Amino acid sequence: MSLNRHLTRGRDLARTAGDHAADMFAPLTLIGRGLRRHAGWAKARWHATPRERRGPTLLLTLAALVGVVLLPHGPVLAVIALVASAAWKGREPKVAPPPVPDPVEVKLPALYAALTPYLASPDDACPLYRPDGDYQDAFAGWAFDSEGRLAALEIGYPAYFTDTEPAARARIEQVVQSKAGRAREYRFDWEHECNRLQVTALSPLPQDVPAQTWVTTPGEIVLGFTDAQTTQRSIPVAQDGGAGHQHPVIWRTGPRSAEPHLLALGTASAGTSTLLRTVALQALAHGDLLVIDGAGTGEHACLVNRPGVHTVETSLHGALAALDWAAQETERRLAALNAARYRGEPAPADATRPLWLLLDHPTELSELAQAEGRPDPQDLLELPLRQGRAARVTVVVAESIEALDRLSPALRSATRARVVLGGHHPQDLHRALGVPLDLVPATQTPPGRGYARIGAQPPARLQVPATVDPLDEEAPARLRDAVIALLPHRDTRIEAAAPPVPAHQPQVSPAAEPRTEAGATRVELGKSR
């Protein structure tokens, strides 16, 4: 007999045995289902009974049970009655669960009713929106995801709606977001020619991308990652789930850049300092750094004593000295480049190596300087901002969005590359980026989430890589190790101690080591690199 016939005969025997077993235990199954329903009914009645009546009810129940026990053949009759009642109750068909409501029939009528007061007019002879209208008259198409949330929607609106006014559009966008869900971002594409509004729910950006070496050319800085619809370029990245590709937001710097300086705005814990560390790790691969920590929080202490880092200043005195040196270095570089160009010689290496000025919350130092009657540190940035492109000097400023008016006019006009992190009102985003957004932000944004606008390009969503402070013990170890691996050399404060110097190698004299004063570590600024 073949194997297939054995298998077929075995399946038939198993099916027959199962049918006989079901027939044999059908009464027990019936009684068990009835007892379970009786228990459910008793539990529901007990929960429905008020607390002050539960005691008397329990006492009456116990008295009835005692009476049944005292009767002749009472327990046997009670058991027989219970089994008969359970068998009768078990014969009732199983109650089907209530059908899940269709999200289309629940959410779209609610959205239609919410838009009616804003898009209806009593003078319209054939209105799209009316109190007793149907949503299918105004909505041309829609899509919902597997969780029943709105994914896409096409809304029609009457021709007399003022879709060219930002306030009117913002009002409609706010209504749509409130009905579709405030936990997500939505893109609104207004088609003014055909009176149509395309609403698309955007998927969340990746938050688990650690700091790493990006596949870019010199002068390209990866600010973060965005949607696939924003850019066609993708770079390989390493994530927790393994290797993959993400779409980066690239900021191009250097003498041919149209936007040589960057301004990052945000709120507390929004990720502006993280963005500065991301830029610093990429800039150290091909240039030198000068860091001014106006907030004095120690977010950039991991850069102290690193090769290529001229200084990390936290005090007003040190910041003024460092920025004054930066202005003189800009003049020296311009003179060296002009002289080399005049003589027809290659430019010297110390004049072409990029110099990065990273300032974190400089307005706090400006207020301190005003109180002490000293020069404003922002005034010393005027020359690097104006001549930085030719002198290979790049300025990156991170500041609170509330302090935007306290930044100098020269700084605001020279930083045409903008990044805004954190959740803000659309008017604040418009003011910071220079153009209105076609996106509505979510109510809760993770750290490092925001928007970027490079020059005249349209704004793009942005998620900054998780470049944590390696000195922060509360940060995950894998993220700290990723940042440490990108720093130029080992630091005994966050890494293992360096091996001892052999006897045949010369020792470094104390005079050559960096000096530490008032919480700021400084190297010789006058020496060119």
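1. pLDDT is the predictor's confidence in each residue, from 0 to 100. The protein chain has a mean pLDDT of 84, and 88% of its residues reach 70 or more. This is a predicted model, in which local features need pLDDT of at least 70 and side-chain atom pairs count only at pLDDT 80 or more, while totals for chains, interfaces and linings use all residues. Residues are numbered from 1 along each chain as its sequence is written, and side-chain values use heavy atoms, with hydrogens and water left out.

2. Helices (H or I, at least four residues) and strands (E, at least two) are DSSP runs, numbered from the N terminus. Confidence in the protein chain is highest in strand 11 (residues 355-360), at a mean of 96, and lowest in strand 17 (residues 515-517), at 37. The pLDDT is below 50 over residues 496-529, a stretch with 48 contacts in the model beyond near neighbours in sequence; contact means heavy atoms within 4.5 Å.

3. On helix packing: Ala326, Ala327, Thr330, Glu331, Arg333, Leu334 and Leu337 of helix 8 meet Leu383, Pro384, Gln387, Ala390 and Ala391 of helix 11. By class, the residues of this contact are eight nonpolar, two polar and two charged. Here Ala, Val, Leu, Ile, Met, Phe, Trp, Tyr, Cys and Pro count as nonpolar, Asp, Glu, Lys and Arg as charged, and the others, Gly among them, as polar.

4. The largest pocket holds about 770 Å³ of space. A pocket is an open set of points on a 1 Å grid over the protein atoms alone, where a 1.4 Å probe fits, with protein on both sides within 12 Å along at least five of seven lines; lining residues have an atom within 4 Å of a point. Grid points are joined across faces, edges and corners, and a volume is the space filled by probe spheres set on the points.

5. The largest pocket is lined by 27 residues, and Ala170, Glu173, His425, Pro426 and Gln427 are the closest to its centre. Helix 6 gives the largest share of this lining, eight residues. The lining of the largest pocket comprises 13 nonpolar, nine polar and five charged residues.

6. The second largest pocket has about 610 Å³ of space. Among its 28 lining residues, Ser269, Gly271, Thr274, Arg277 and Pro447 lie nearest the centre. At least two lining residues come from each of helix 7 (272-283) and helix 14 (477-486), and helix 7 supplies the largest share, four residues. The lining of the second largest pocket has nine nonpolar, twelve polar and seven charged residues.
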